[in-house]
Amino acid sequence: MKRFILMAGFVSLVFAGCKKTTTASTCTPVEPSTEEPAIVAFNTLKGYTATKLPSGIYYQIVNPGTGAQPTATSNVRAQYVGKLFDGTTFDSNYSLSGASFNLSGVIQGWTIGVPLIKSGGTIRLMIPSKLAYGCSASGSVPANAPLFFEITLLSVF
């Protein structure tokens with residue numbers, strides 16, 4: 001029973017890190033076009049060949065997967081790592097079972113990007129801050145920070 005409670009607490013913390021929160025501040029959101037040079041430079045530095053979506057998100061499909069394809073409101077299970085462009089890891093879940101959540105309850109960048117792959121697939125997302133946490137700093141993620149995620153979609157249910 002203790003193990004279940006500890007695991008449930010851990011999973012809750014993981015989801016809190018991916019869910020967008022709002023706080024009152026004097027921060028002005030940054031338009032994705034303003035962050036595009038930083039995203040392009042990041043891709044160049046890492047050697048990624050990424051495609052730009054109209055939203056300003058850049059993505060690279062590492063493996064398209066072969067299973068079910070999620071929608072923006074699907075429940076999914078995934079393994080992932082989230083980093084700032086300076087390489088700082090702010091969130092990671094590479095447990096064997098991954099983390100389960102609904103794509104409508106996470107940052108917009110995930111809601112838009114994860115449905116580009118199927119179950120079993122892996123995608124890299126470079127997300128402008130407006131589609132991530134925007135003006136709401138979250139843990140070690142500062143306000144208006146574009147983010148990098150590598151996500152492996154384990155299942156859609």
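Trainee: Which residues touch the most other members of the largest nonpolar core?

Mentor: Keep in mind that this is a predicted model. The largest nonpolar core has 28 residues, and Phe 101, Trp 110, Ile 127, Leu 147, Phe 149 and Ile 151 are the ones that touch the most other members.

Trainee: And which strands each supply at least two residues of this core?

Mentor: Those are β3 (75-84), β5 (99-102), β6 (122-127) and β7 (147-156). As general background, nonpolar side chains in soluble globular proteins tend to be buried together.

Trainee: Let me zoom in on Phe 149. What is Phe 149 in contact with, leaving aside its neighbours within four places in sequence?

Mentor: Its contacts include Val 81, Gly 82, Phe 90, Ile 107 and Trp 110. Phe 149 also reaches Ile 123, Arg 124, Leu 125 and Ile 127.

Trainee: Stepping back, how much of the protein chain is buried?

Mentor: Buried residues account for 45% of the 157 residues. The accessible surface is about 8000 Å², and carbon and sulfur atoms hold 60% of that.

Trainee: What about the overall layout, how many helices and strands are there?

Mentor: Three helices and seven strands. Reading from the N terminus, the order is α-α-β-β-β-β-β-α-β-β. If you take contacts between residues at least 6 apart in sequence, 70% of them join residues at least 24 apart.

Trainee: Switching to charges now. How many salt bridges does the structure hold?

Mentor: Three. In one of them, the side chains of Glu 31 and Lys 130 meet at 2.8 Å, N to O. Glu 31 sits in the loop between α1 (2-18) and α2 (32-46), and Lys 130 in the loop between β6 and β7, so this pair ties together parts 99 residues apart in sequence.

Trainee: OK, and which residue does Glu 36 form a salt bridge with?

Mentor: Lys 52, with the closest N and O atoms 3.2 Å apart. Glu 36 belongs to helix α2 and Lys 52 to strand β1 (residues 51-52), so the pair ties together parts that are 16 residues apart in sequence. Glu 36 is partly exposed at 23%, and Lys 52 is partly exposed at 41%.

Trainee: That leaves Arg 124. Which side chain does Arg 124 meet in a salt bridge?

Mentor: That of Glu 150, at 2.8 Å, N to O. Arg 124 is in strand β6 and Glu 150 in strand β7, so parts 26 residues apart in sequence are tied together. Arg 124 is buried because its relative accessible area is 17%, and the cut-off for buried is under 20%.

Trainee: How many bridges join β2 to β6?

Mentor: Five, and those strands run antiparallel. Tyr 59 stands opposite Leu 125 in β6, and Leu 125 is one of the contacts of Phe 149.

How values were computed:
Residues are numbered from 1 along each chain as its sequence is written. This is a predicted model: local features need pLDDT of at least 70, side-chain atom pairs count only at pLDDT 80 or more; totals for chains, interfaces and linings use all residues. Side-chain values use heavy atoms; hydrogens and water are left out. Helices (H or I, at least four residues) and strands (E, at least two) are DSSP runs, numbered from the N terminus. Buried means under 20% relative accessible area, exposed over 50%, partly exposed in between (1.4 Å probe, protein chains only). Contact means heavy atoms within 4.5 Å. Accessible areas come from the Shrake-Rupley method with a 1.4 Å probe; for residues, only the protein chains shown count as cover. A nonpolar core is a set of buried Ala, Val, Leu, Ile, Met, Phe, Trp, Tyr and Cys residues joined through side-chain atoms within 4.5 Å. A salt bridge is a side-chain nitrogen of Lys or Arg within 4 Å of a carboxyl oxygen of Asp or Glu. Two strands pair if DSSP finds at least two bridges between them.
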